[in-house]
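Please keep the sequence and the 3D view at hand while reading.

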Amino acid sequence: MTLDEALSLKHELIDEFDPARSLRLVIDRLDTGEDNDFLKLIVERPVHELPQLFKTREPDIVEAAQAGMIPAPAAVSAMRAHGAEEGPAADVSIGYSALAKNDYRLEVRLQHPSVATVLFAQEVVQRANGRARIAEYQGLKVHAAALGPSGSLPLSIGCSVGHPKSPPGTLGLFVKSPEGVGILSNSHVLARCGRARRGDLIYAPHPSDPGAGAVKIAKLSKFSNLVHDDGVASDAALALLNDGVGYAGNKIPDTLPDAGKHLIRSSKTPVPGLRKVSKIGRTSRHTSGTFSAADIDPTVEYPGLGDVKLTGMFEILWDSPQLAFSEPGDSGSVVYLPDTMEAIALVVGGGVRIADGVSEGVSIACPLEHVLAEWELSLLG
């Protein structure tokens, strides 16, 4: 299907999603004893990815009831005791990726799968005529808060930076704003997830780095506020450089792949599923991965804040479990397309993705274009 068709179906399905309705149907069938055909739809697992997702208590109860191991009334009582009647948190999102040029599929991501979300995932596959992939996220956390290399002046992309009350992270990009030259990284690196104040001092390297000798390099200017319950479209912050601070601009540092090349602004959202990406971070330096899905809405754990629902994120698969695309300390790293040198996102965090029964490392990144446009930023050379 085309990208427009995929996005249209995505929004149609999201508008229809009602986790409580799915669980009410299960309970109604168990209440009336009409469980055989209906419950077969749940436990047949017609999509080969689904067995990995049946890990919560509700599917065990349904399966046991369907097999006659417990009476239906007891199954109903157990599901109600487990909170099924109120419905689970809707930890499900739909993004997209490309199979080939102008040929797209939906990407379904579940966290803490339940009967309701698994039923919904099955429906997505059916409505998309099989052109959908289901995967589960586990352990998504931001990639800040690790001791790492101290870095040095002049500043360069990939060096250690941060607010003194935030975990250490990475300088992503140098930008020009209407107020002057600044640096871009995550809000949870420079702005305490939104709890900092405009004008707060930013340091490089981060004060907690070993033998840091931290220098005051910038003052906080703009930032995303993650301290609320709504979906957050960006995890980004801008700090304006102090007078006299030296910087190398958006040039890839020496000794790294692509050394000497300059990053440029992306002209459009790249096609997920078909592109390799690279990043330069404070901890793992230069790494590569695959841009596997766009427009994903994951829930990510933030230190001191808890789970935050992000929207419209990019998903990046690691090259292998031993070759992590991002590690703790790499939050804020710029993600770019090595074939065009276009900067497309900032690393937020990572964890595990399970698809087709295979566990793979995954990183979550915040697209740049929305932030650059809203804050009237351009990339320095």
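Leaving aside neighbours within four places in sequence, S224 is in contact (heavy atoms within 4.5 Å) with S187, C193, G194, S234, D235, A236 and W375. The model is a predicted one, in which local features need pLDDT of at least 70 and side-chain atom pairs count only at pLDDT 80 or more, whereas totals for chains, interfaces and linings use all residues. Residues are numbered from 1 along each chain as its sequence is written, and side-chain values use heavy atoms, with hydrogens and water left out.

**Around S224**

S224 is found in the loop between β9 (215-223) and β10 (237-241), where helices (H or I, at least four residues) and strands (E, at least two) are DSSP runs numbered from the N terminus. With a relative accessible area of 7%, S224 is buried; buried means under 20% relative accessible area, exposed over 50%, and partly exposed in between, using a 1.4 Å probe and protein chains only. The side chains of S224 and S234 are joined by a polar contact of 2.9 Å, that is, a pair of N or O atoms within 3.5 Å, of which, within protein, one must be able to donate a hydrogen and the other to accept it, residues adjacent in sequence counting only if both atoms are side-chain atoms.

**Aromatic pairs**

The structure holds 4 aromatic pairs, in which rings of Phe, Tyr and Trp (its six-membered ring) have centres within 6.5 Å, planes under 30 degrees apart counting as stacked, over 60 as edge-to-face and the rest as tilted. Among them are the following.

| Pair | Centre to centre | Angle between planes | Class |
|---|---|---|---|
| F17 and F120 | 4.4 Å | 40 degrees | tilted |
| F174 and Y247 | 5.4 Å | 25 degrees | stacked |

Because F17 lies in the loop between α1 (3-16) and α2 (19-32) and F120 in helix α6 (residues 115-127), their pair ties together parts that are 103 residues apart in sequence. Both F17 and F120 are buried. F174 lies in strand β6 (residues 173-177) and Y247 in the loop between β10 and β11 (264-265), so this pair ties together parts 73 residues apart in sequence. F174 counts as buried at 0% relative accessibility, whereas Y247, at 38%, counts as partly exposed.

**The protein as a whole**

The secondary structure comes to 8 helices and 20 strands, and of the 381 residues 55% count as buried. Among contacts between residues at least 6 apart in sequence, 67% join residues at least 24 apart.
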